[in-house]
Structures are given as C-alpha cells and as structure tokens.
Amino acid sequence: MKHCLAFLCLLGPFLHVLSQCTVPSSEFQLEGDFLIGGLFGIHHVDGPDNRDRPEFTDCSRKPFILSSYQRFQVMRFSVEEINNSTNLLPNVSLGYEIFDHCSDTQSFPGILNLISVNGMIQPWREPNKNLSKVSKVIAVVGTYVSTETRTIAPLFMMNLIPMVSYGASSSIFSTKQNFPSFLRTVHPNKDIIEVIIRILQHFNWRWVSFLNIDDDYGNDARELFIKMIKDTEICLAYTKILSHDTDYSQIFKQIEAQRISIIIVVAAEWTANALLDSAIQLNITDKVLIASDGWSSNKEFPKKTGIKNIGTVLGVSQPVVKLPGFSDFVHASKSQNHCENSEQMFCNQVCNCSNLTAKDVILADPTFSFPVYSAVYAIAHALHNVLRCGSDGCNGNITVYPHMVLAELKKTNLTLLNQSIEFDENGDPKYGSYSILFWNQTGDTEEVGLYHFNPSFHFFINNSKIQWHTKDKVPTSLCSQECCVGHKKKYNGIHKCCFDCEKCPKGTYVNSSANPYECFECKETEWSEEASTSCNLRVVEYIPFTDSGAIVIMVGAWVLVGLTAAMSVLFAINYNTPVVRSAGGPMCFLILGCLSLSSISVFFQFDKPTTSFCILRFLPFVLFYTVCLACFVVRSFQIVCIFKIAAKCHKLSSWWMKYHVQWLVITVAFGAQALLLLIGYSYDPPKPYNESGWYPDKIILTCDHNFKATSGSSVLFVFLCSLCFIFSYMGKDLPKNYNEAKAITFCLLLLILTWIIFATVRILYRGKYNQTLNALAVLSSLYSFLFFYFLPKCYIIIFQSYKNTKQYFQGLLHDYNKTTSQ
C-alpha cells in the first residue's frame, strides 16, 4: 500500500485526483480566491535515507520539529488575519496549500502539486500562450533550510513563481541570474557572520574554531567567515563539518589540544542538539559557544542537565516580534483536533501532533515566526497592488499571474508591527536587526546586545548582563599572548595569531595599527629608544655666534689680529735693529700678516654650516699658515747656513743671498698649496653634514671633509713642518741672541701636540663642541708662534734695549766662535 501511494504521488496526471483526498478541517489546506503555497519542515529526515529504489517519504513518521510546527501555524494565522481584514484585499479571500517538506530530496509530491496547472505538470510553455492556464498558487512561502531551497527553487523559478523564504540564508540566493523570483525575509549569511565577527572583536577573541552543518547554509557560512576574517586579527584555528555520523569526541580533543576557547556553531537545531549532548557527555568545560540563529533561541537547550558546565553560550538570533492574537488562534485551532483521523490527507499533509497542547506550540522557539508572518503579508500586499484594490474593493477582472505578484513584491515597502518590510535588488531584506543572546543561569535566553542594519549600522553589547563561567573575567582565546609595548610580532607557524615577540632596537618603532610584524626605521630627523612605539624629534645642535665660548674665542682671534698689528708697528719702528734683523727682517711682516689672515678660519667655525662656511673653516688657515711654515723653514735654514754651512759652502751661501732663494721657496710653497687646495676642493669640496650616527637623540650640524681630496695639501703641510723642525733642531746650540731655532722648535712641538690632541678628541667625540675645538686648535697654532717666537723679541726691544745692539750681538758671536774653535 505504501509503495502504491508513492507511485501515485509521483505521477503528474493523477495530482488533481489525489488533491481531492483532503478533509474540510485540514490545517494544511484552505480554499480561497487565490492560493499561497507553504513549505514547512514539520518533521526532519536525519541522515541519509538509503533505499534500493525511489520511494515516497512519509514525513509524519520522522522526528517532529516543534518550532517548525509553530511557524506552520503562523502562516495559517497570517492568512486568517488577512482574510478578516477590511483594508487589505477587501472582498478577496486568500487560501493556502501547505506541505510538510521534511526531506530535500524526497519530498517532491507537494512541490509538483504547487506548480501544477489544472492538475497537469507543464515543465515548459511559451510566454503569453494558453493564458487561461494559470498556476493555482500566486506565491510560495518557504522553505526553511538552504539546501532544501536550493533543490526545489529552480522548479518555481521556471515560471517566475515568487518564492519568499523565511529561513534560507545562503549567499547563493542573492544571485538573481539563477534565482530571479526568489526573495527572503531573513538576512543572508554575510550579515549573520558580520555579527559573529563583531562579537569576536568586541571581546578580543582571536583564536577560534568553526563548526558547521554539512549543507548549503553551514558551508556557505564557513566560506564567508574565512573570507571576512582575512583582514582582521581573528584566526580560524580549527574547522569541522558536522553530520549525522560525526565523531564529536575527536572534534573536542583537537579543540582542546589547540587550546581553543571559542567554538562557533552554525547549524540547525537538530545538529546543535547532538553537539550539546556530546559536549555534556564528554565533560567539556571552560568553552564559549557562539550559536547561530538556527539554534540560539531554542527554549529547551538552555535547560539541558549539565549545560552550565560547558561554559558560556552566546547566540545570534532574529529579534523575536510578538504576534498579537497568535496565542488565541493556536488555542482555538488546537481545540478543533485537526490532526485526528486524517488518513485521507494528500501526501505529507499530516502530522503526529495530536498530543500537542496549545502551550507547547506557543512556547516553541519563535525566532523565525515573524519572517513567516512578514512573508505572507508581503505577498498579500503585492496581490493587493496587482488587483488595484481600494476602499471599495478589488478589480476582479484582472487575471493574476505569478510574475505580476513578483513585480509588486520587489517594490514592497510596508510597516508591519512597527517593523519595516522592504527588499533590495537581490531580494534580501533592507530592514531589521539581530539580537545577541546569552543563556543565563536560570535556563532562559536573555538579550544582551543588538546589531541594527538600517537606517544605520549600530552594534552594542551590555557586558554587565553576561555571567561568564570565568566569574567576572572575560574569557580569553589567543594562540599567543599580546606582545609588550614596543615589541614586534614574528610569525610562529602558519597562523598570524601565533607569534613570538621581539623588542624593536634603538632608532626603530613598532606601529601595531599599521603593521605589528615590522619595526619601522625612524626618519633621519627622529630617534627612539629600544621598545618604542613612536619616534621623537632629534635636537639639532650647533655652536651659534652668540654662544659664550664662541664669543671668547672670536675675541681671542681679534686680540691676535691686534697683537700682530702692534708687533708689526713695533718691528717697523725698530726695523734696522739687530733683534728685528735676526728675527727675519722683512719676513717678519709676512709671517705676522699671514698669522692674521689665518685667524679668519676661526670666525667660520660657528653658526649653521653652509658650503661657503665649510670651505672657509680651514682654507685660510691651511693656505696662509703654509706661508708661515715656509718662512720658518727658510729662516731655520738661513740660521744653520750662517753658522754651520757658510764656512764650508761659501758658494752656496753666496748663491742663496744673491738670488734671494728664500722668497722663491716661500712663493713656490704658497703656489703649490693654493693649487692643491683648488684641485681638492674642486674634486669634492667640504659640505654641510648632519651627524646623526653618534648620538641617537641629536643631530649635530657639522661639515663633511673628504680627506682624500685634501690629502695633497695635508702632505705638503706636514712636509714643511718636518723640514722646519729638522733645520730648527740643528740650530739648537746657537748663541743666545740667535736662538730663533730653539723658539721655532718649541713652537713646532706645540703645534704638533695641539693637532694630535685635536685629532684624538675628534675621533672620540662627535658633539657640537667639535666646532669649538676646531677654533681652539687654529687659535692655539697661531698663538704658539706669536707668543714664543715674536713676543720674546718684543720684550727685548721694549724692556732690554741694551741687548738690541750690534756690539752685544758681536760679543756673543765672538764667544760662540771661541767656544767652537776649542
């Protein structure tokens, strides 16, 4: 008998005959001017139904789903409410044909019945032909599960029969090319996943697992979750597909092994029920479960024995909208005992619900009740517009086709129980919000937050309402603890949430908001200590002209110029005296003039360096001091020549005096030095340089000298010093009044010592006071000759004039010759 019934149900030509096997009091059928189809999974086929051959599935023999039965009653209530309305579809009655769609692959008889025209299945007909054959249904409400919807939707899409789903949230239905007449009153998965991600970010949960039912709803949600966390700090540590034969013990072992505290479960309530039972049985503790809207509002789950030991359960749910009058409708409906003696019903239009009370139905999970309610009302309003209904009734001469209802459905814009009902271009709702639920200690679901979509996005969670299993502390779920301030992350494994921490060195910083995995270099004008999160501006240092030390040194330079001028005047007055003649005669004025010109370099050691400042810091000193050294070389040679060489090399002495070779030597030395400086500065002139490597927090404004470019002039300078020192040292035992050689030797020793000290300090110290040291070295070099060569002669001229006579000098020569002859 069962096989015979299945055969009859699958045959299209007999659909019309079989459709007469109803009873007037059936909950599944209602006569009306226009019919709305309904598909509700009142029963559920759990697991594959293996058969040797195709057979009809008797839904009434499968497990009963109370929440789905409540939604079934909501559709009946909505139609009755519309039929009793005087404003919506006046003088037009709505009917329905509802089927128990318990299987996505074996519940087709009801679908074939809905798409039949005059009892005949027409898989194809040309548009605008045989217009008298109109589908008996103008729209369909359902189904609940995405996989079921995906299976049967193409049958309705063929003739553009509007299909308004109250639960199918898979993303594929937003593609109008494949599902042109599909609309839904629930948000797509991307919105559900968006709320879940917001919850994770709100509590800083980054190390999570994702479990999903093995159907279009669950798999689509998982793919969306992976895609949407790509640019966040959330890591999917573990994911698993749930089915009827899932080994939950293995799943929880792997979750525990990876120290995952957050478990996201996107599944229908029958799959979630098996998961929770296994978790309780396996004594799983200290977890936070985040439930999808498929099971978060279930009334029975929070009351399970041992459920509190699991941890904390949060959920995302459609907001529950109370339907006024629904309770009275259910009480009245249950008092009629529709389900008794219903053996003559059409395929899957019977339920084993005779033992249900009205209270059972009313207290079932109401999550998707309003989506059903709004779907029916949206269809009714669309039909109202197609029939051009007004206060005086509707136009009964209009032949209504499903595609006409579809066109009006897309324009839906109505307010229902203070809720806006409107669809976007993909048939998805443009209205609504999600509630964030918490399963409290009393076994009830409590709203602790909201996520509003329109007119503006708004997310809120009241943390104080949540009683965590960790007492007052929010649970954590991290693969690696956050790095300390100033530390960068270094990947440790394949997940971005697993990392080691490394301290950023000096001169770098970490910007966690930009890239926590890199230490950024500070700019040249900035600095930072190690383990910094930002850079500080460096202090720019140089010695200005107003610096007290600089003023003292520059005054010293002016004093030197004054002293050289005074000595020049003194020497000019006493030009023909033996002291002046022995000091060099006219050469003294050249030396004093060059010493004054060399002091120009002192004034360019201060203030911000420019290219011209950098050139003049040493060029006047090197150039004119070379002349001074050349003069002393010549003078030292002359002294040695007079007293030690002249007697043996009379011709050399005569030739030297006759041709004034001393001036030629001085000129050649000056010209050679000028040429070498010109070549060196043309090749690579000194230029301003910011010294930033010596002090991390300072920039020293200095000059960059290329010592290779000036090596030639330096070699000449050293050569003259060496030659001068040799000649002067040879004359160290000359008469007292002819002790210029001793003075020159002492001055050269001071000069060499000065520049050794300067070079040593320059290597060890790179601060701003290098400019002061430069000026001091130059000034010391000038004063050494001024004080120890010229000043003693000035003293003799002024205070010991008796020594400044020809007789005194001749006496000294006589004594020297007498001593050397012995």
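How many nonpolar, polar and charged residues are in the lining of the second largest cavity? This report answers that below, and it concerns a predicted model.

## Second largest cavity

By class, the lining of the second largest cavity holds 7 nonpolar, 4 polar and 2 charged residues. The lining is made up of 13 residues. Those nearest the centre of this cavity are Tyr144, Val145, Gly167, Tyr217 and Gly294. The space inside comes to about 110 Å³.

## Largest cavity

The model has 5 cavities of 30 Å³ or more. The largest cavity contains about 140 Å³ of space.

Its lining includes Thr185, His187, Gln318, Pro319 and Val321. Phe370, Pro371 and Ser374 also line the largest cavity, as do Gln419, Tyr431, Gly432 and Ser433. Helix α12, which covers residues 369-386, gives the most to this lining, with 3 residues. Sorted by class, the lining of the largest cavity has 5 nonpolar and 7 polar residues, and no charged ones.

## Ser292 and Tyr217

Tyr217, one of the residues nearest the centre of the second largest cavity, has a side-chain partner in Ser292: a polar contact of 3.0 Å joins the two side chains. Ser292 sits in the loop between β10 (287-291) and β11 (311-317).

Is Ser292 buried or exposed? Ser292 counts as buried because its relative accessibility is 0%, and the cut-off for buried is under 20%. Apart from neighbours within four places in sequence, Ser292 is in contact with Tyr217, Val265, Val266, Ala267 and Val316.

Methods. Residues numbered from 1 in each chain as written. Predicted model: local features only at pLDDT ≥ 70, side-chain atom pairs only at ≥ 80, totals over all residues. Heavy atoms only, no water. 1 Å grid on protein atoms, 1.4 Å probe; cavity = no way out; pocket = protein on both sides within 12 Å on 5 of 7 lines; lining within 4 Å. Points joined across faces, edges and corners; volume = space filled by probe spheres on them. Helix = DSSP H or I, 4+ residues; strand = E, 2+ residues; numbered from the N terminus. Nonpolar A, V, L, I, M, F, W, Y, C, P; charged D, E, K, R; others polar. Buried < 20%, exposed > 50% of the residue type's maximum accessible area, 1.4 Å probe, protein only. Polar contact = N/O pair within 3.5 Å; in protein donor to acceptor, adjacent residues only side chain to side chain. Contact = heavy atoms within 4.5 Å.
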